[in-house]
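Please consult the sequence and the structure shown here alongside the text.

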Amino acid sequence: MSAKAISEQTGKEFLYKYICTSSAIQNRFKYARVTPATDWARLTQDHPWLLSERLVVKPDQLIKRRGKLGLVGINLTLDQVKAWLKQRLGQETTIANAKGILKNFLIEPFVPHKQEEEFYVCIYAAREGDYVLFHHEGGVDVGDVDAKAQKLLVAVDEKLSESDVKKHLLQHAPADKKDILASFICGLFNLYEDLYFTYLEINPLVVTKDGVYILDLAAKIDATADYICKVKWGDVEFPPPFGREAYPEEAYIADLDAKSGASLKLTILNPKGRIWTMVAGGGASVVYSDTICDLGGVNELANYGEYSGAPSEQQTYDYAKTILSLMTREKHPEGKGDAGIVRAIKDYQGPLKEHEVRIFVRRGGPNYQEGLRVMGEVGKQNPPAEPCLSGEATPVSLVHRMWPLNFLLNTSSCSLTPAPSRTASFSESKPDGIAPAKKAKPTAPLGKSSPGSAAGKATTLFSRHTKAIVWGMQTRAVQGMLDFDYICSRDEPSVAAMVYPFTGDHRQKFYWGHKEILIPVYKNMSDAMRKHPEVDVLINFASLRSAYDSTVETMNYPQIRTIAIIAEGIPEALTRKLIKAADKKGVTIIGPATVGGIKPGCFKIGNTGGMLDNILASKLYRPGSVAYVSRSGGMSNELNNIISRTTDGVYEGVAIGGDRYPGSTFMDHVLRYQDTPGVKMIVVLGEIGGTEEYKICRGIKEGRITKPVVCWCIGTCATMFSSEVQFGHAGACANQASETAVAKNKALKEAGVFVPRSFDELGEVIQSVYQDLVAKRVIEPAEEVPPPTVPMDYSWARELGLIRKPASFMTSICDERGQELIYAGMPITEVFKEEMGIGGVLGLLWFQRRLPRYACQFIEMCLMVTADHGPAVSGAHNTIVCARAGKDLVSSLTSGLLTIGDRFGGALDAAAKMFSKAFDSGIIPMEFVNKMKKEGKLIMGIGHRVKSINNPDMRVQILKDYVKQHFPATPLLDYALEVEKITTSKKPNLILNVDGFIGVAFVDVLRNCGSFTREEADEYIDIGALNGIFVLGRSMGFIGHYLDQKRLKQGLYRHPWDDISYVLPEHMTM
């Protein structure tokens, strides 16, 4: 969604902060907000003018014509304001068809003025620029300003001057106020542009001898420009339309949407409704809503929502979890229905069963069999899933399967459906013939605002020889294009090169049929264009933040004739600049916010057409006779499917994108199809919002379009909702009656377009028109030729379960593939929630166990006491020498770690093994000591260079106190201490050192904590787990020594000669 309404308070705040004008603007920031929670004492303290001035009070909830509705209190004292609010604040009110609670009011100073001092100003965006409206009579009775007001178009990239304002807008304004008004309107227009407004209306604008007063203001801003205007906007609150509450779940999904390159939309219409939808695709979501409402379910439709643009598994999970959470909050005695796809259902099995939820699934497109199988498996557990097989099931057939719920198509429901919203009233009869073809008028003008195909733009965008550059490292999309090329029997791949600024020039491997090929990847666009002069198409996968700049750069190369912009969320002002530049240079833009387009047998853009199985099923590998144009990328796949089943197939199809101002329009492509001999009939899938479809009507009436046109505009449900709903596409919102789908379908029908009664009948109408053309021999279907076979990718075949292969690695301690990182079966969030610490994490990753808290604490103590033992030991010494030689941290650390072994630090494992073997064999400590002496072996873990029985190692003492206090049993430690008594009686420094203590104590932990069998404990000792404690702990000290040397800026170390004894062979000293 791009254009979003803001509150009057927010709009005035922006204006007061950032407008630049010589006109004296009065009452800046003089407004106070009142809600049910307002503390009046605090309010008057913050706004002392409330106590001394006459006031105006009004609701600030996107309510139009407040004055005519009696919702403005004028010239009141503060006490009168309170009395006025007492009757309205928190009260339920019905305005038109919307019922809502008045809970947000604005108080401002009352401005005494004369009627002739009131004016009307409005600025709004259009494709060709921004219109400025001015009327010298403003106020509540301004009437039809479109007819009355002076209007001036400021074209894209042009500026508004005060002289223009005076000349075109202020003819009827008082002479003494023209300078003030001109300065203000210019300042307002600059503000409008700088802060990315799409609509800004002030009525009335009052100009007195004291200056300018903004009394009432309504505004919308382009929410997609947040990344540009964040500093000035701050955190903008977008209130819902009056009659609909703002739900935290909507804000949550909006936040997910803002942080994702995908599209995630949610509007809660009726939280108590029984039909919840979870539909993939901006266009498809509207079709389902249309179908449900057309069949009488408008009062039970709980939400509108869609997700598209390849959201990640985690994003899909979060979206589905939100829907399931909402639908299981209130129980309905007759159960509920959900039309959507599976995700997060397992997490909500209990609530779904309790609420008797039934899930209805339509799964089409690639891999639908596997999707239905997975859904069926979930359905066997809970709740019952009722899949409609393949893409041939229509939305109507799916919704019809919900009839056991007994709440649709009953008399009461249908009576609530407004008659004007139903298309049957103007398209009852089926087309039973094609109107005789008229002779085309190829040069007939269609008006200044829509000249048809711009001068210099090509009628044919793609051929079998088209070559493209792909901007972005979209390897999957490129491979899909190459596979399409191969089954179309193209001589060469359609992708000549890729551009990716974040890597150096290199080559990327792809498949061409069975063969591997390399496609060059360039860091700079200029290099790609220079080395591939045959390229005339750019497919731009850049993000919304960089798509504008990369497209502008591309248009500097005259060889490029077509650009497809995939990104959704490019600010409308930037898109309009792209359109203007493209028209000037004769470049056709497809998008933004599109999947692209396809010309069967020739070329496809990116991911258009879906997976290869879908392309084969829709016969897109060879041309047909039907060309289509759609806004929705997802619905273009649906059209591919419908047209392939009802005609000889698609000749060309383009999804122009869901933004308000697509780079190319319906009419641009319809006129191309009209002038293309291979196209025999045209299909248009329009939608609510905008007026482009009326240009098709005009083209037919003027004789410019003579080929049969089949058209349906989705979004007919919008007229049934009590409040405005912004559908998934940014342009899918009607700002006036003529922009509704119902009005456009009616106009198209009257112009001679073949209009079905619903989307469900679109295929029947297409088939009827096609069969008539075949009967008249306008179309002669060609003989089918089977396409070449493309090998299936290994990854896709494995996902489908067609092959199996032994894994190269196995792991059992960690899994990063799901919604969150998992350590030995425990999600990372649980690890932090339970405060497991480093010891607990080590237990999970090393031992695959959740160790007792005392064991975790003991591990952490071991890490602390082994962290460092000074710079003189071999490991620290090596680390220091490496650091002073200029080596990096990892190299220096590795140098120190490589010294760890039996003589330094590696005694933990050896001590554990040696003492365990002696203890388990049953020999007493004295026998063990004597045996080691007899065999000439040192007892590992016994002895210290400095510490002794008289100078004990405090590290050992700390650990000993903890172990004796917390361990349930310490048999091996007790055995080792008895050995120590014997060895220290012979020599006082033969103590149980820290390595030995940790080794034997760890054996006691593993054997006696209850988490391991005896065999498991011995296995961990045998595979060297205990030495890991010393390695992990001492790494902290080695890193400390490295950082210390760097901080002290120590130079290269050279060992002094006087510390080296040079002992050379005698015969070499002569």
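Residues are classed by relative accessible area: buried means under 20%, exposed over 50%, and partly exposed in between, with a 1.4 Å probe and protein chains only. The model is predicted, so local features need pLDDT of at least 70 and side-chain atom pairs count only at pLDDT 80 or more, whereas totals for chains, interfaces and linings use all residues. Residues are numbered from 1 along each chain as its sequence is written, and side-chain values use heavy atoms, with hydrogens and water left out.

**Salt bridges: overview**

- Side chains of opposite charge can pair when their charged atoms come close.
- A salt bridge is defined here as a side-chain nitrogen of Lys or Arg within 4 Å of a carboxyl oxygen of Asp or Glu.
- The search of the whole structure returns 50 salt bridges.

**Glu761 and Arg757**

- Glu761 and Arg757 form a salt bridge through their side chains, at 3.1 Å from N to O.
- Glu761 is buried, at 16% relative accessible area, while Arg757 is partly exposed at 29%.

**Arg850 and Glu834**

- A salt bridge links the side chains of Arg850 and Glu834, with an N to O distance of 1.8 Å.
- Arg850 lies in the loop between α27 (837-847) and α28 (853-865), and Glu834 in the loop between α26 (828-833) and α27, so the pair ties together parts that are 16 residues apart in sequence.
- Helices (H or I, at least four residues) and strands (E, at least two) are DSSP runs, numbered from the N terminus.
- Arg850 is partly exposed at 46% relative accessibility, and Glu834 is partly exposed at 27%.

**Asp920 and Arg1014**

- The side chains of Asp920 and Arg1014 make a salt bridge of 2.8 Å, N to O.
- Asp920 belongs to helix α31 (residues 907-921) and Arg1014 to helix α36 (residues 1014-1022), so this pair ties together parts that are 94 residues apart in sequence.
- Asp920 is partly exposed, with a relative accessible area of 39%, and Arg1014 is partly exposed, with a value of 39%.

**The loop residue Pro271**

- Pro271 sits in the loop between β14 (263-268) and β15 (275-280), and is partly exposed at 29% relative accessible area.
- Leaving aside residues up to four places away in sequence, Pro271 touches Tyr247 and Trp276, where contact means heavy atoms within 4.5 Å.
- The C-alpha atoms of Pro271 and Glu300 are 9.3 Å apart in space, and the two residues are 29 residues apart in sequence.
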